[in-house]
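Take a moment with the sequence and the model below.

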Amino acid sequence: MQQLSDAEISAVKDESARAYELDRAHVFHSWSAQELLDPMTVSRAQGSHIVDGQGQSFLDFSSQLVNTNIGHQHPKVVQAIKDQADLLCTISPAHVNAARSEAARLITDRTPAGLDHVFFTNGGADANEHAIRMARLHTGKHKILSRYRSYHGGTETAVNVTGDPRRWSNDRGDSGVVHFFGPFLYRTEFSATTEAEETERALRHLERTIELEGPSTIAAIILESIPGTAGIMLPGSDYMQGVRALCDQYDIIFIADEVMAGFGRSGKWFAFEHFDVVPDIITFAKGVNSGYVPLGGVIMDDAIYGSFAKKPYPGGLTYSGHPLACAAAVATLKAMDEEGMIEHAERIGQEIIGPRLRQIAENSKHVGEVRGVGAFWAIELVWDKESREPLAPYGGGSPEVASVVSSLKEHGVVPFNNYHRLHVVPPINISEEDLETGLGVFEKVLTDLDFSR
Ligand SMILES: Cc1ncc(COP(=O)(O)O)c(C=O)c1O
């Protein structure tokens, strides 16, 4: 991004000082102890770069919350939002609107045949809420199965299907959700030593869970096609196809949560495409318009659509299919196509990020495993490679991990951090030059690490 002039830096410092003061006085932040926070101020952003409150530029290797898939301030999307604002800012979901219709067409053009209808929401959590509601109404069953090590959103049902510590204090225990273990060889729950064993045992465990919970009580299995925040653990195709087969066998709806993994993040439009499976319901948000205006949605197959073809669906939102959000989605999806971003993400994963991270893992005492695909990679920080003990406890942080994150920032890179993991999740259209610069910083910081207890 272009260097700010001295006058711009001075303006940024002034506005940011005031913003910070007002934030601390009045803004209540997500998932946080409010008075223990010292949030970073972001004053400007462009492409893969963000500028802090002092006018200093950083490479954004987090894509914020893994949503700015096409980077910040993409000119085509910014222009589309401005044009839509001039034309029509908002309209009730009961009316037809061109931006909404076109967004629905472009989204369903990218889904498998038979998944042709979209219910728009404001984000990912409410998309999952509605997907689950649809599955329950369609099947007449109530229970939902979801995996440990997953995140599905912060609202009531979405947080209950979530399989991470953010659920714990929100869980009343009567949500009708049952959790199971998915495949994750590096931290296997099944004493497996190969991917094949892990897959087979994880499927067996899922089938036993279904049998013992009672197939006649289970409406849906919800899975992130590739679990994101929980650690980017790629399942094998055999696992995902096995889940599909179990759903068919026991008359259970398969919901693929593509909120983080979808819209190019994994180097395909949807991450389930890696596994040659077709879900019954797809939920999405984030990358669909890079989060420039909040948008999410539920794509349902013809059978579920049919359940609400002649009787009303009991759910709705004032902003369902908001024109500004949908115009941003239309421009984003077109830009992704025109600029070959999906292919770019696939290629940088294969040719640059994967090889560089594997090299770092070999040379760093504290990198236990790297894994990922496309622009979607995780780094496991461990005390030592033999014990694989995480460098921060599950659900928490540690001074060691905090020091790694600070060090990356000191060298100009903002990573995504969850517990003991760092995720390399830059915009999917990041330039090779920026990518190399950022990975160089990861290499320097991670190979220099030498913690002991
Ligand atoms: C896989 C997944 N599902 C759902 C959500 C919730 O989306 P939102 O924060 O837009 O409600 C997220 C957010 O990170 C996510 O990663």
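Which polar backbone atom lies 3.4 Å from a nitrogen atom of the ligand? The backbone atom belongs to Tyr 151. Keep in mind that this model is predicted.

Now look at the side chains. Asp 257 places a polar side-chain atom 2.8 Å from a nitrogen atom of the ligand. Lys 286 also reaches the ligand with its side chain. Here a polar atom sits 2.9 Å from a ligand oxygen atom. How much of the ligand does the protein cover? On its own, the ligand has 380 Å² of accessible area. The protein covers 80% of that.

Next, trace the residues around the ligand. Among them are Gly 123, Gly 124, Ala 125 and Asn 128. Tyr 151, His 152 and Gly 153 also belong to the surroundings. So do Glu 224, Asp 257, Val 259, Met 260 and Lys 286. Sort this shell by class and you get four nonpolar, five polar and three charged residues. Which helix gives the largest share of the shell? It is helix α5, which spans residues 124-139. This helix supplies three residues.

Helix α4 covers residues 98-109, and helix α10 covers residues 323-338. The two pack together with their axes 8 Å apart. The angle between them is about 40 degrees.

Conventions
Residues numbered from 1 in each chain as written. Predicted model: local features only at pLDDT ≥ 70, side-chain atom pairs only at ≥ 80, totals over all residues. Heavy atoms only, no water. Near = heavy atom within 4 Å. Polar contact = N/O pair within 3.5 Å; in protein donor to acceptor, adjacent residues only side chain to side chain. Areas by Shrake-Rupley, 256 points an atom, 1.4 Å probe, with all protein chains shown as cover. Helix = DSSP H or I, 4+ residues; strand = E, 2+ residues; numbered from the N terminus. Nonpolar A, V, L, I, M, F, W, Y, C, P; charged D, E, K, R; others polar. Axes fitted to C-alpha atoms, helices over the stretch in contact; angles between N-to-C directions.
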